[in-house]
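Thanks for making time this morning. I would like to walk you through one structure, so please have the model open while I talk.

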Amino acid sequence: MNQISGDVETGGDYVRFTAPDALDESQINGPHEGELVIDGKGERVVLTNYRTTDEGGCEITLRRIQPNVS
């Protein structure tokens with residue numbers, strides 16, 4: 001998939017990501033792993049849920065593969 005950017009909310013080992021543009025849902029079949037960069041720090045994540053928003057964007061729920069411990 002192409003790189004996208006948007007707003008991120010973190011909590012525990014889950015991340016909710018919202019973007020102003022929807023993704024091509026045909027590319028989202030099955031679990032996907034990727035990297036999420038927050039404040040310059042990369043984390044490995046796996047896609048757990050995707051939905052389009054009424055505004056034409058999307059909301060993505062990701063699970064951290066190795067959660068950060070603060």
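This is a predicted model: local features need pLDDT of at least 70, side-chain atom pairs count only at pLDDT 80 or more; totals for chains, interfaces and linings use all residues.

The chain has 0 helices and 5 strands, where helices (H or I, at least four residues) and strands (E, at least two) are DSSP runs, numbered from the N terminus. Read from the N terminus on, the order of elements is therefore β-β-β-β-β. Residues are numbered from 1 along each chain as its sequence is written, and side-chain values use heavy atoms, with hydrogens and water left out.

Some totals for the chain come next. Of its 70 residues, 26% count as buried, and by buried I mean under 20% relative accessible area, with exposed being over 50% and partly exposed in between, using a 1.4 Å probe and protein chains only. The accessible surface of the chain comes to about 5100 Å², and 41% of that belongs to carbon and sulfur atoms; these areas come from the Shrake-Rupley method with a 1.4 Å probe, and for residues only the protein chains shown count as cover. If we take the contacts (heavy atoms within 4.5 Å) between residues at least 6 apart in sequence, 41% of them join residues at least 24 apart.

Let me turn to how the strands pair, which requires that DSSP finds at least two bridges between them. Strand S1, residues 7-11, pairs with S2 in the antiparallel sense over 5 bridges, and within that pairing Val 8 has Phe 17 as its bridge partner in S2. The two strands form a hairpin with 2 residues between them, and Gly 12 in the turn has a positive phi of about 60°. S2 is also joined to S5 by 6 bridges, again running antiparallel, and here the bridge partner of Tyr 14 is Arg 63.

In a regular strand the side chains alternate between the two faces of the sheet. In S2, Val 15, Phe 17 and Ala 19 make up the covered face, whereas Tyr 14, Arg 16 and Thr 18 make up the uncovered one.

Which residues, then, make up the largest nonpolar core? It has 12 residues in all, namely Val 15, Phe 17, Ala 19, Leu 23, Ile 28, Leu 36, Val 45, Leu 47, Tyr 50, Cys 58, Ile 60 and Leu 62. Strands S2 (14-19), S4 (41-52) and S5 (58-64) each supply at least two residues of this core. A nonpolar core here is a set of buried Ala, Val, Leu, Ile, Met, Phe, Trp, Tyr and Cys residues joined through side-chain atoms within 4.5 Å. In soluble globular proteins, nonpolar side chains tend to be buried together. To take one member, Ala 19 touches Ile 4, Ser 5, Gly 6, Gly 57 and Cys 58, not counting residues up to four places away in sequence.

Arg 64, found in strand S5, is buried, with a relative accessible area of 9%, and Glu 43, in strand S4, is buried with a relative accessible area of 9%. Their side chains are joined by a polar contact of 2.7 Å, a term that stands for a pair of N or O atoms within 3.5 Å where, within protein, one must be able to donate a hydrogen and the other to accept it, and where residues adjacent in sequence count only if both atoms are side-chain atoms.

Finally, the structure holds 4 salt bridges, each a side-chain nitrogen of Lys or Arg within 4 Å of a carboxyl oxygen of Asp or Glu. One of them joins Glu 9 and Arg 16, with the closest N and O atoms 2.8 Å apart; Glu 9 is partly exposed at 47% relative accessible area, and Arg 16 is partly exposed at 36%. Another links Glu 33 and Arg 44, at 3.7 Å between the closest N and O atoms. Glu 33 lies in strand S3 (residues 33-38) and Arg 44 in strand S4, so this pair ties together parts that are 11 residues apart in sequence. Glu 59 and Arg 51 also meet in a salt bridge, at 3.7 Å from N to O, and there Glu 59 is buried at 16%, whereas Arg 51 is partly exposed at 40%.
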